[in-house]
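Good morning, and thank you for coming. Please look at the sequence and the structure on the screen as I speak.

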Amino acid sequence: MGLGSIVGRRLAPRVQKLVPDVTHNFVREAMDKAITGVGPLRPAVRAAEKQLADEDGNVEKAVADIIRIHVAYASGQGFLTNIGGLMTAVAAVPANITGLTLVQVRMVAEIAHVHGLDLRDVKVRRAVVATLLGEDGVKKAVKKKQLPGTPHQLATGPDLKPELEQALSIEVSTALITRVAGRRLATTVGKRVPVLGGIVGLTADGYATWQLGRYAAREFAKGA
């Protein structure tokens, strides 16, 4: 068992104690601030529209720009800490973890927007949150019936029952905190991640953000 898995398992009980706050505040605040903007980050819709305009309406190129920009944000630990310090929902969660969550939520929200989805729609926001589980996490949640479908299906299908919405919030919040904390401690200083898209020497957070962005792009392109 790797160090990251061990850390994640040890952190899980602490996260479970935070669940009421995490469920109602952590992901919700990240979503709200991603949509409305916070600190140096402009509102998701405005930022997405700029990327789309810069690429003359080419959705694929705009998505590539969005992912590249957010990978750079995720790779800057000082940046994540500063942004995370602007989130107040769960003080017990380290600022760099909340910062990464905000960056990833914003990236996925922008990708959803350039694919024509309305971020004012509650179903679309839930789909954005579900995407944070990552492809493997979503597949497991669907298999266990913790989710009724993929992010694309959540965004375009019937509304969720209240109990499923709460379960989604708990699952996403717990997974984010345990996964990020475990991965960060397991990554040695200076370790390089494979070169992707011309970006050299990504941090583990940058690499994970790149993977998440590609998954979001595939999911939300299904309705384009």
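His 115 counts as buried, because its relative accessibility is 13% and the limit for buried is under 20%. In this predicted model, His 115 sits in the loop that joins helix 5 (95-114) to helix 6 (122-131).

Let us begin with helix 1 (residues 3-36), which holds both Lys 33 and Glu 29, four residues apart, or about one turn of the helix. These two form a salt bridge whose closest N and O atoms are 3.0 Å apart, and both residues are buried.

Next, consider Arg 68 and Asp 65, a salt bridge with its closest N and O atoms 3.6 Å apart. About one helical turn separates Arg 68 and Asp 65, because they are three residues apart in helix 3 (residues 59-75). Are the two partners buried or partly exposed? Asp 65 is buried, since its relative accessible area is 12%, whereas Arg 68, at 45% relative accessibility, counts as partly exposed.

Finally, helix 7 (residues 134-143) contains Glu 135 and Lys 139, four residues apart, about one turn of the helix. Their salt bridge has its closest N and O atoms 3.7 Å apart. Glu 135 is partly exposed, with a relative accessible area of 32%. A network of salt bridges links Glu 135 and Lys 139 with Arg 218.

Note on methods. Residues are numbered from 1 along each chain as its sequence is written. This is a predicted model: local features need pLDDT of at least 70, side-chain atom pairs count only at pLDDT 80 or more; totals for chains, interfaces and linings use all residues. Side-chain values use heavy atoms; hydrogens and water are left out. Helices (H or I, at least four residues) and strands (E, at least two) are DSSP runs, numbered from the N terminus. Buried means under 20% relative accessible area, exposed over 50%, partly exposed in between (1.4 Å probe, protein chains only). A salt bridge is a side-chain nitrogen of Lys or Arg within 4 Å of a carboxyl oxygen of Asp or Glu.
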